[in-house]
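Visitor: I have a structure open and would like to learn how to read it. Could you take me through some features, one at a time?

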Amino acid sequence: MRESTAAVLLFEGFEELDALGPYDVLSTAAGEGVGLSIVEQVTVDGAERVTASEGTVVVPHGRLDPADPPDYLVVPGGGWSTGSESGARAAADSDTICSAIRDCHADGTTVASVCTGAMILASAGLLAGRPATTHHTAIADLAATDARPVDARIVDDGDVLTAGGVTAGIDLALWLVEREWGSDIATAVAETLEYERSTDIYRSGDDS
């Protein structure tokens, strides 16, 4: 059986924990032998270095290739509430980034956003008519899109998942691990990271 792959998308001004929290969870899960062979940090433009919102400089593993998409793609936010010219606002305005995310999703990638990464997914057209969440400071902006805001830390709409702000990305990744590989693995990863999980998860159909 082919093993799954996961990638975390980086761009200038991304929020550190939005990206590195899920990356750590998924990498730890891969170490548990769940059939997740590759977990990478990638960019759309192949940048050799990316500077995050708090100044952390990251050397990505490679480039996101929509022609060979990962099974899971995590999209962080960053800088939205401060009006930063880089970060999530710039990414949401980037046709290159939005097209790459959209193309990966169209080819079967499960896409998950953290914090204001949801605004990037909305700009890419992935949240139209879907339940979604984001950082509390951006809920009004999310409501102004075609998405349907939900008051939950994690929103699972099958092939598209969204999470609230910053640390919610850890809960998102742990929920994805549980959904795909079982609660025992998710519990083991949470224990390794010494993280107390949230159970505030909305799944499509919960209010039907």
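Visitor: Let me start with Asp-171: does it count as buried or exposed?

Guide: Buried means under 20% relative accessible area. In this predicted model, Asp-171 has 2% relative accessibility, so it counts as buried.

Visitor: Which side chain meets that of Asp-171 in a salt bridge?

Guide: That of Arg-153, with 2.6 Å from N to O. Arg-153 sits in the loop between strand 9 (148-149) and strand 10, while Asp-171 belongs to helix 6, so the pair ties together parts 18 residues apart in sequence.

Visitor: What does Asp-156 form with Arg-179?

Guide: Another salt bridge, whose closest N and O atoms are 2.9 Å apart. Here Asp-156 is in strand 10 and Arg-179 in helix 6, so parts that are 23 residues apart in sequence are tied together. Asp-156 counts as buried at 6% relative accessibility, and Arg-179 is partly exposed at 28%.

Visitor: Which other residue forms a salt bridge with Arg-179?

Guide: Glu-180 does, with the closest N and O atoms 2.8 Å apart. Glu-180 counts as partly exposed, at 31% relative accessibility.

Visitor: How many salt bridges does the count come to?

Guide: The count comes to 6. Look also for Arg-130, Asp-157 and Asp-159, which are linked in a network of salt bridges.

Visitor: Let me turn to strands. How should I read the directions of their side chains?

Guide: In a regular strand, side chains alternate between the two faces of the sheet. Take strand 11 (residues 160-163): Val-160 and Thr-162 point one way, Leu-161 and Ala-163 the other, and all of them are buried.

Visitor: Is the pairing of strand 7 and strand 11 parallel or antiparallel?

Guide: Strand 7 (residues 110-114) pairs with strand 11 in the parallel sense, over 4 bridges. As a landmark, find Ser-113 opposite Thr-162 of strand 11. Strand 10 (residues 154-156), by contrast, runs antiparallel to strand 11, joined by 3 bridges, and there Ile-154 stands opposite Ala-163.

Visitor: What do strand 10 and strand 11 form?

Guide: They form a hairpin with 3 residues between them, and Gly-158 in the turn has a positive phi of about 80°.

Visitor: How do I read the nonpolar core?

Guide: Look for buried nonpolar residues joined through side-chain atoms within 4.5 Å. The largest such core has 67 residues, and Leu-9, Ile-101, Ile-120 and Leu-127 have the most contacts inside it. Helix 6 (residues 168-181) gives the most to this core, with 8 residues. Leaving out residues up to four places away in sequence, Ile-120 touches a set of residues including Phe-11, Val-75, Pro-76, Ile-97 and Ile-101.

Visitor: How many aromatic pairs does a search of the whole structure find?

Guide: The search finds 1. Tyr-72 and Trp-181 are edge-to-face, at 5.7 Å centre to centre with 65° between the planes; planes over 60 degrees apart count as edge-to-face. The pair links distant parts of the chain, Tyr-72 in strand 6 (residues 72-75) and Trp-181 in helix 6, 109 residues apart. Tyr-72 is buried, with a relative accessible area of 9%.

Visitor: Which residue lies over the face of Trp-80?

Guide: Arg-89 lies there, at 4.1 Å from the ring centre.

Technical notes. Residues are numbered from 1 along each chain as its sequence is written. This is a predicted model: local features need pLDDT of at least 70, side-chain atom pairs count only at pLDDT 80 or more; totals for chains, interfaces and linings use all residues. Side-chain values use heavy atoms; hydrogens and water are left out. Buried means under 20% relative accessible area, exposed over 50%, partly exposed in between (1.4 Å probe, protein chains only). Helices (H or I, at least four residues) and strands (E, at least two) are DSSP runs, numbered from the N terminus. Two strands pair if DSSP finds at least two bridges between them. Contact means heavy atoms within 4.5 Å. A salt bridge is a side-chain nitrogen of Lys or Arg within 4 Å of a carboxyl oxygen of Asp or Glu. Rings of Phe, Tyr and Trp (its six-membered ring) pair if their centres lie within 6.5 Å; planes under 30 degrees apart count as stacked, over 60 as edge-to-face and the rest as tilted. A charge sits over a ring if NZ of Lys or CZ of Arg is within 6 Å of the ring centre and within 35 degrees of the ring normal.
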